[in-house]
Amino acid sequence: MLNTAGDDLGEIKGIMLDVQRGRIAYAVLSFGGFLGVGNKLFAIPWQTLVLDTDRKRFVLDVSEERLKAASGFDKDH
């Protein structure tokens, strides 16, 4: 996943479904860390993602600095 500045923000590790409404609710973004250690997970509302068909990636309008400063959640909690 990229931001609008072209910075790599990480990978989508999963999607969460809203079964009652029959839609994707949000994507789980893994950001930061090294080789999967120290990374943060974020729940990104699906409607905030834009598909870049040329690069075959999603684009999210958020800076790396904002993600670094934000508290994510860890996969065990």
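Modeller: Gladly, and let us start with Val-19, which is exposed at a relative accessible area of 71%. Please keep in mind that this is a predicted model.

Biologist: Why is Val-19 called exposed?

Modeller: The label needs a relative accessible area over 50%. Val-19 has 71%, so Val-19 is exposed. Val-19 sits in the loop between β2 (11–18) and β3 (23–31).

Biologist: What makes Ile-15, Leu-17 and Val-19 a patch?

Modeller: Membership asks for over 30% relative accessible area, no salt bridge, and nonpolar side chains within 5 Å. Ile-15, Leu-17 and Val-19 form such a nonpolar patch on the surface, and together they have about 320 Å² of accessible area.

Biologist: Now the fold. Which pattern does the protein chain follow?

Modeller: Along the sequence the pattern is β-β-β-β-β-β-α, with one helix and six strands. Buried residues make up 26% of the 77 residues. The protein chain exposes about 5600 Å², and carbon and sulfur atoms supply 53% of that area. Among contacts with a separation of 6 or more, 41% link residues 24 or more positions apart.

Biologist: What makes a set of residues the largest nonpolar core here?

Modeller: The residues must be buried and nonpolar, and joined through side-chain atoms within 4.5 Å. The largest such core has 11 residues: Met-1, Leu-9, Ala-27, Leu-29, Phe-31, Phe-42, Ile-44, Leu-49, Leu-60, Val-62 and Leu-67. In this core, β3 and β4 (40–45) each supply at least two residues, and the largest share, three residues, comes from β3. In soluble globular proteins, nonpolar side chains tend to be buried together.

Biologist: Which residues does Leu-67 touch, beyond those up to four places away in sequence?

Modeller: Leu-67 touches Leu-9, Leu-29, Phe-31, Lys-40, Phe-42 and Val-62.

Biologist: How do you know whether Asn-3 is buried or exposed?

Modeller: Buried means under 20%. Asn-3 has a relative accessible area of 5%, so Asn-3 is buried. Asn-3 lies in strand β1 (residues 2–3). Leaving out residues up to four places away in sequence, Asn-3 touches Leu-9, Val-59, Leu-60, Val-62, Ser-63 and Glu-64.

Biologist: What does the side chain of Asn-3 reach at 3.0 Å?

Modeller: The side chain of Asn-3 reaches the backbone nitrogen of Ala-5 at that distance.

Biologist: Why is the pair Ser-30 and Asn-39 called a polar contact?

Modeller: The side chains of Ser-30 and Asn-39 are 2.5 Å apart, and the limit is 3.5 Å. Ser-30 is found in strand β3 and is buried, with a relative accessible area of 9%. Apart from neighbours within four places in sequence, Ser-30 is in contact with Leu-9, Gly-10, Glu-11, Lys-13, Asn-39, Lys-40 and Leu-41.

Biologist: What makes Arg-21 and Asp-18 a salt bridge?

Modeller: A side-chain nitrogen of Lys or Arg must lie within 4 Å of a carboxyl oxygen of Asp or Glu. For Arg-21 and Asp-18 the N to O distance is 3.8 Å, so the pair qualifies. Arg-23 and Asp-18 also meet in a salt bridge, at 3.6 Å. Salt bridges that share partners join Asp-18, Arg-21 and Arg-23 into one network.

Biologist: How do you classify Asp-18, Arg-21 and Arg-23 by accessibility?

Modeller: Asp-18 has 16% relative accessibility and counts as buried. Arg-21, at 63%, counts as exposed, while Arg-23, at 36%, counts as partly exposed.

Biologist: How many salt bridges does the structure hold?

Modeller: The structure holds four, and one of them joins the side chains of Arg-55 and Asp-52 at 3.6 Å, N to O.

Biologist: Last one: why does Val-50 count as exposed?

Modeller: Val-50 has 51% relative accessibility, and the label asks for over 50%, so Val-50 counts as exposed. Val-50 lies in strand β5 (residues 50–52). Setting aside neighbours within four places in sequence, Val-50 is in contact with Arg-57, Phe-58 and Val-59. Val-50 and Asn-3 are 47 residues apart along the chain, and their C-alpha atoms are separated by 9.8 Å.

Definitions and conventions:
Residues numbered from 1 in each chain as written. Predicted model: local features only at pLDDT ≥ 70, side-chain atom pairs only at ≥ 80, totals over all residues. Heavy atoms only, no water. Patch = residues over 30% accessible without salt bridge, like charges linked within 9 Å, V, L, I, M, F, W, Y side chains within 5 Å. Areas by Shrake-Rupley, 256 points an atom, 1.4 Å probe, with all protein chains shown as cover. Helix = DSSP H or I, 4+ residues; strand = E, 2+ residues; numbered from the N terminus. Buried < 20%, exposed > 50% of the residue type's maximum accessible area, 1.4 Å probe, protein only. Polar contact = N/O pair within 3.5 Å; in protein donor to acceptor, adjacent residues only side chain to side chain. Contact = heavy atoms within 4.5 Å.
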